[in-house]
Amino acid sequence: MEDELSALGERWAHICKWAEEYGVKLQTLLMKCSRITEQLSWLQSWFDSKEINLKLMESKHVTEVA
């Protein structure tokens, strides 16, 4: 019985270590996803501003082509 309890304790220790490492990986992934979301928002704003500029350019009459 003592050997079984010792083996169970070892398995439990491995499970706890795995869960802790997995939690760290998930936290890192969450930070990366947050950063990507921020960058995506910035990129969308940048594209929107460029689209507005292009529409303004299209709406102006060109009198001289360089």
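**Figure 1. The whole chain.** A compact globule of 66 residues would have a radius of gyration near 11 Å, yet this protein chain comes in at 28 Å (the radius is taken over C-alpha atoms, and the globule rule is 2.2 Å times the number of residues to the power 0.38). This is a predicted model, where local features need pLDDT of at least 70, side-chain atom pairs count only at pLDDT 80 or more, and totals for chains, interfaces and linings use all residues. Residues are numbered from 1 along each chain as its sequence is written, and side-chain values use heavy atoms, with hydrogens and water left out. Along its principal axes, the C-alpha trace spans about 95 × 15 × 10 Å.

Figure 2. Of the 66 residues, 0% count as buried (buried is under 20% relative accessible area, exposed over 50%, partly exposed in between, with a 1.4 Å probe and protein chains only). The chain exposes about 6800 Å², and carbon and sulfur atoms supply 63% of that (Shrake-Rupley method, 1.4 Å probe; for residues, only the protein chains shown count as cover). Glu2 sits in helix α1 and is exposed, at 68% relative accessible area. Go 37 residues along the chain to Gln39, and the two C-alpha atoms are separated by 56 Å.

**Figure 3. A nonpolar patch.** Trp18, Tyr22, Leu26 and Leu29 make a nonpolar surface patch of about 440 Å² (patch residues have over 30% relative accessible area and no salt bridge; like charges are joined within 9 Å, nonpolar side chains, meaning Val, Leu, Ile, Met, Phe, Trp and Tyr, within 5 Å). Leu26 belongs to helix α1, residues 2-59, and is partly exposed at 42%.

**Figure 4. The Glu51–Lys55 pair.** A search of the whole structure turns up one salt bridge (a side-chain nitrogen of Lys or Arg within 4 Å of a carboxyl oxygen of Asp or Glu). The side chains of Glu51 and Lys55 meet in a salt bridge at 3.5 Å, N to O. The two are about one helical turn apart because they lie four residues apart in helix α1. Glu51 is partly exposed at 42%, while Lys55 is exposed at 52%.

**Figure 5. Two cysteines.** Cys16 is partly exposed at 35% relative accessible area, and Cys33 is partly exposed too, at 40%. The whole structure has zero disulfides (pairs of cysteine sulfur atoms within 2.5 Å).
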